[in-house]
Amino acid sequence: MAQVYDCAVIGAGPGGGATAYHLARRGYRVLVLEKESLPRYKPCGGGVSPAVAEWFDFDWSPAIATYVDTIRYTWQMEERVDAPLELERPIWMVRRDSFDHFLIKKAVAQGAELRTACPLTALERRGDRWELTTSAGSFTSRYLVAADGAKGPTARWLGLEKRAILIGGAIEVEIVAPVPEPNVAHFEFALVKDGYLWNFPKDNAHSIGIGSFGHRKVDLKTPLARYVESFGLSLAGVTLHGHPLLLWRGPSRLHTEGAILCGEAAGIVDPFTAEGIRPSLYTGVQAAGAIAAALAGEPNALERYSEQIKREWGEDLRWAERLAQVFYAFPRIAYRVGVQQPSATRTMGKILSGSLRYRDVAERAIRRLVGHRR
Ligand SMILES: Cc1cc2nc3c(=O)[nH]c(=O)nc-3n(C[C@H](O)[C@H](O)[C@H](O)COP(=O)(O)OP(=O)(O)OC[C@H]3O[C@@H](n4cnc5c(N)ncnc54)[C@H](O)[C@@H]3O)c2cc1C
């Protein structure tokens, strides 16, 4: 008789990798289906809060390209401000192909079964099982975690596509060239509406990109080219990778019978910073806990997962959303009274490291921004 997996995880990004690792570590039979061959490219700046290390019992350093302790901001590529993050541990800069591959290999080492170049193409609920169709045949599992990212189809197939999200867009390019200051991450705020441009260092390359997180359709390519040139680099011969971003506008229902959404499939991206890796790892860890509880017979475990993500992460992201609305509506004022003040970077560093929540600071920051507008 064909094997019945305890849980099938769709997608081997940070969300799926974290889920698979923590379920396999508990001894469950886990199947991971990944559409691409691994390692695979994912358009991403690759900035990761070191706070994620607390959720895993292994050393991430082989997956980290470089470390950043200073942020350099510009407005119209001028008015430069250098701000030290003043964190106990610097921010990680990762290449997503090696970072994601590193994590899923850890899951495999714990016993998870990984099928690559194996997209899920259909799914069906039969009794208390999932029947999963792929190009490599069919599989059966008791539970399902959809971690197939912003472009994956599984949320829709589960009838959970109506989650509260705002769809943003971003483009990333990787340009191989010496990085003069590998500990500095760059942000530029004037060249794009409702977002920013970045240049994040890698060991021998620049991850340069542009993201816009509002309702307006904006040209991303022209400012990107200008920004790239400001570093003495060129887009000639470089592939531009565009990708949607599913920004949180929750709360949403993230579960249905026998299945939950995690990572960007759950729309967990921060609407202010567009940070998605830490929230995807977080929801992956929580998803594993919820599935383990369900497998142990807890009747409301999946419903509790939706509630928990809303309470412990989503409610704080509502503050990030409010902050984003004011910040990106008045970016010039925000740059002057916010970004240029060293305390703003220290505060963002603390939010990224999890020692401070948006709710602790957003109301005051919004009042300050609105006050300066008058
Ligand atoms: C340009 C850009 C820059 C960004 N920069 C940052 C940053 O610096 N820091 C940060 O924290 N966040 C950043 N983000 C957000 C971050 O990249 C995402 O939020 C994060 O990758 C989400 O992780 P995930 O595991 O949910 O999904 P993903 O990483 O997207 O992984 C989903 C996986 O599912 C697979 N898949 C899809 N469909 C199927 C299918 N049918 N069957 C099987 N597998 C499937 C995909 O191939 C993929 O491997 C950025 C996003 C963009 C677009």
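By class, the shell around the ligand comprises 17 nonpolar, 12 polar and 10 charged residues, where Ala, Val, Leu, Ile, Met, Phe, Trp, Tyr, Cys and Pro count as nonpolar, Asp, Glu, Lys and Arg as charged, and the others, Gly among them, as polar. The model is predicted, local features need pLDDT of at least 70, side-chain atom pairs count only at pLDDT 80 or more, and totals for chains, interfaces and linings use all residues. Residues are numbered from 1 along each chain as its sequence is written, and side-chain values use heavy atoms, with hydrogens and water left out.

In total, 39 residues surround the ligand, the closest being Glu34, Arg40, Gly45, Arg96 and Glu264; a residue is assigned to this shell if one of its heavy atoms lies within 4 Å of the ligand. Among the polar contacts (pairs of N or O atoms within 3.5 Å; within protein, one must be able to donate a hydrogen and the other to accept it, and residues adjacent in sequence count only if both atoms are side-chain atoms), a backbone N or O atom of Lys35 lies 3.0 Å from a ligand nitrogen atom, whereas a side-chain N or O atom of Arg40 is 2.9 Å from a ligand oxygen atom. A polar backbone atom of Gly47 is 2.9 Å from a nitrogen atom of the ligand.

The side chain of Arg278, a residue found in helix α5 (helices, H or I, at least four residues, are DSSP runs numbered from the N terminus), reaches the backbone oxygen of Ile351 at 3.4 Å.

Notes:
Helices (H or I, at least four residues) and strands (E, at least two) are DSSP runs, numbered from the N terminus.
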